[in-house]
Each structure stands twice: as C-alpha cells, then as structure tokens.
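Here's a quick walk through this chain, from its overall surface down to one helix. Have the structure open while you read.

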Amino acid sequence: MMLLNDSSFPSTFFLTGIPGMAFAHIWISLPFFSMFFMAVTGNCISLFLIFTDCNLHQPMFFFLSMLSSVDLVLSLSTLPRMLTIFWFDATAISFHACLVQMFFIHAFSAMESGVLVAMGLDCYVAICNPRCYSSIPTPVVIAQIGGLVMLRGIGFTVSFPSLAQHLPCCGSHVIAYTYCEHMTVKLACGDTTRDNINAFIVALFLGIGDVAFIAYSYGRILQTVLNFPSHEAWAKAGSTCTAHVVVILFFYMPGFLSVIMQRVGPPTAFAVKVIFANLYLLFLPALNPIIYGVKTKKIRERLLVILNPKKIDPPPRVLTCFSGIRRGIVEVLSWHAQRGKESWHTGLAVPFGEDRRLNDVAIRNTQARFWDNSIEGQCS
C-alpha cells in the first residue's frame, strides 16, 4: 500500500465500541469473550483432529479444515481489539492498522463464503453423483479449490483498503464501531463514488452470486433426495443438508440484516446495528465446530477416543495410519497367495476373497454400499 501524507488522513482513529452503551461494555464483553473462546478452542481442536487422523483425510474434512482456518483468522482479527476497548478503554488505532483490519475482515469473510459454496458443491456431488465421488474431489482438485477461494477473496476485497487510503478526511476521527469495517469511507469528505460502486459490485458477486449458487445446489440435492428409495437414505441426506443449511443461514442472514439496518434502520438503533455486525463475525466461528463436531460421527468418535482412550474402544474404521497400512499389506499378500496366477482386477473395487466375476445383483449391492458410504461420509 502507498503511504499517505499527514494532510490527507489522520495517523490515528478512535473506536468507540458500541455507541451509547459504554457503561455496559464489561457485561457485553462476557458473551463476546465466551464466543471467542469457543471459536478458538473449537476450531483448533477440529484442525488438530483432521490433520492428525488419516481416516479424516477426506474431501468433506478438508473443507471443514478450510472453514476452521478462516474462522480462526476472522476471530483473531476482530475480537482481541474489541476486548481491549471493552476492558481497558483502549480505543486508539493507527490508520494503517485500521486498513489492515479492514482487509482481513473483508477478505476472510469472502473466503468463508467461498468455502461454504465449495462445501455445497461437495455435498451435491456426494449425494447426486456418489459413484463419481471418489474420483472428482481428489486432493489436487481440493487444493485447487482452496487456492481459488483464497485468491477470489483477496482479489475482490484488496480494493477496499487500496481505495480508502486515498480518501481525504477533514472531519471526525472517531469511528462509532468496534472494529474498522468500511467506516473510514463514511468519515471521508471527498468523493466516495468509486468506493461505493466497488462495494456494490463485490456485494453483488460475493453475496448474491454465492447465495444463488448455493440455493441451486441444494435445490438439486433436494430433488435427488425426494427420489431416494429408502427412508434411511432420506434421513442421512437430510441430516447433512440440515447442518449445512443452518450454517449458511447463520452466515448470510446476520450479514444481510446488518446491511439492511445500516441503510434503512432508524438512527436510534445504531447500537443494535453494531451488535448485529459483531455477531455476524463472531457467532458462526463459534457455532461451526459445535455443529460439525456433533453432526459428524467420525470427528465425534475420534474426539471421544482421545478424551477417554481407556474406556472407549475405537470403532473399526477409526484406525491409525500405520495399522491401516499394515493390515493392507497383510491382505494384499494373502490375496496374492490365494489368487497366484490371476491378475489384478482393474474394474469395480471388490473386497478381498470375493469372486471377481460379480453378477448383476452383486454389482448393484456394491454400488449401493458405495452410495451409502458416500452419504454417510457427509451425514454421520
């Protein structure tokens, strides 16, 4: 970023916290600190479980790790500064620190929206096309999606601080907020047309565009679920869709309400607007580990095994990397000893010891097992 001369913008701003409620800042800080503690602890635990257990190295859990990483950055970029205002009345913030905080908030909010879109796409493939699920979201594809989400978030939002730093400020240096969102633009006394147009375009692409894509994905998922033959499949698919929809609603609804209240809300309700804006950044990072930790069976089982290893036996599928490799080597050697002269079967994956020439009924059963496992990987 280009440095500014002192005549165009002040070197220091002052954050007021929640306007008109300075007397209650200590009490207001308690639920915010609780959400911050839950967000940091829960997301760190989720990242630890996913990266230390090979059985969680699957597309859904990689996307969860992306979501947890983004939530951690969002929490750490807003809450510490907010708590210093509430507890120590440390309202001063430098202009460049304000621009950096503005960039992190916008960029990682855009990344979170992109991760939710990717998770919706992953759920769509798993439920609507389960037989291709093992070949489409490969590690390379997931890494590419993660890189695209990051570049998209940075590319769309880097313009906010870049444009804001060139605006002259000849009025108040007080920001009636708990963090530097886009309030520096409102303090400017120059022409802010470019900034407003840029904000509108970004909101159009990231907000309405992502919501439309997610709605289309879940509409197709719902259409597929209604054609499921068994009630058990309905329950599994409904479980994962419900969890994802809850997260999506909690992410987008407070943001839309905050924007609407900023534009058309009464001036006397400004404190409510600030609280809504804070909940938009803090509530979902605290809620995500709870929703996905409770709804995802593998994460729940793995956490219980770590917390109580002596009393809880790990389920058959929760194996360490080395035990899984060792078992695989033993099975391969046994299979070769039995099959001797037969070559590897390169078609449909067949459990060891079964006849290679499956009849039509066996093929359908294998596909059904793969279908159920794909849904279970998302829903259990």
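Predicted model: local features only at pLDDT ≥ 70, side-chain atom pairs only at ≥ 80, totals over all residues.

Of the 380 residues, 43% are buried. If you take the contacts with a separation of 6 or more, 78% of them come from residues 24 or more positions apart.

Now for the annotated spans. An unreviewed UniProt entry carries the annotation "transmembrane region" for residues 12-40, 60-79, 197-219, 240-262 and 274-294. Here are two of those spans side by side:

| Span | Distance between end C-alpha atoms | Helix | Strand |
|---|---|---|---|
| Residues 12-40 | 29 Å | 55% helix | 14% strand |
| Residues 274-294 | 30 Å | 100% helix | 0% strand |

Helix H2 is worth a look of its own. H2 takes in residues 59-88, 30 residues in total. From its first C-alpha to its last, H2 reaches 43 Å, close to the 44 Å expected at 1.5 Å a residue. H2 does have a bend of about 25 degrees at Leu-79, and the proline Pro-80 follows within four residues. Most of H2 is covered, with 21 of its 30 residues buried. Just after H2 comes Asp-89, which takes a positive phi of about 55 degrees.

Terms used
Residues numbered from 1 in each chain as written. Heavy atoms only, no water. UniProt positions renumbered as here; feature names shortened; annotations may be inferred. Helix = DSSP H or I, 4+ residues; strand = E, 2+ residues; numbered from the N terminus. Expected span 1.5 Å × (residues − 1). Bend = angle between axes of the 7 residues up to and from the residue. Buried < 20%, exposed > 50% of the residue type's maximum accessible area, 1.4 Å probe, protein only. Contact = heavy atoms within 4.5 Å.
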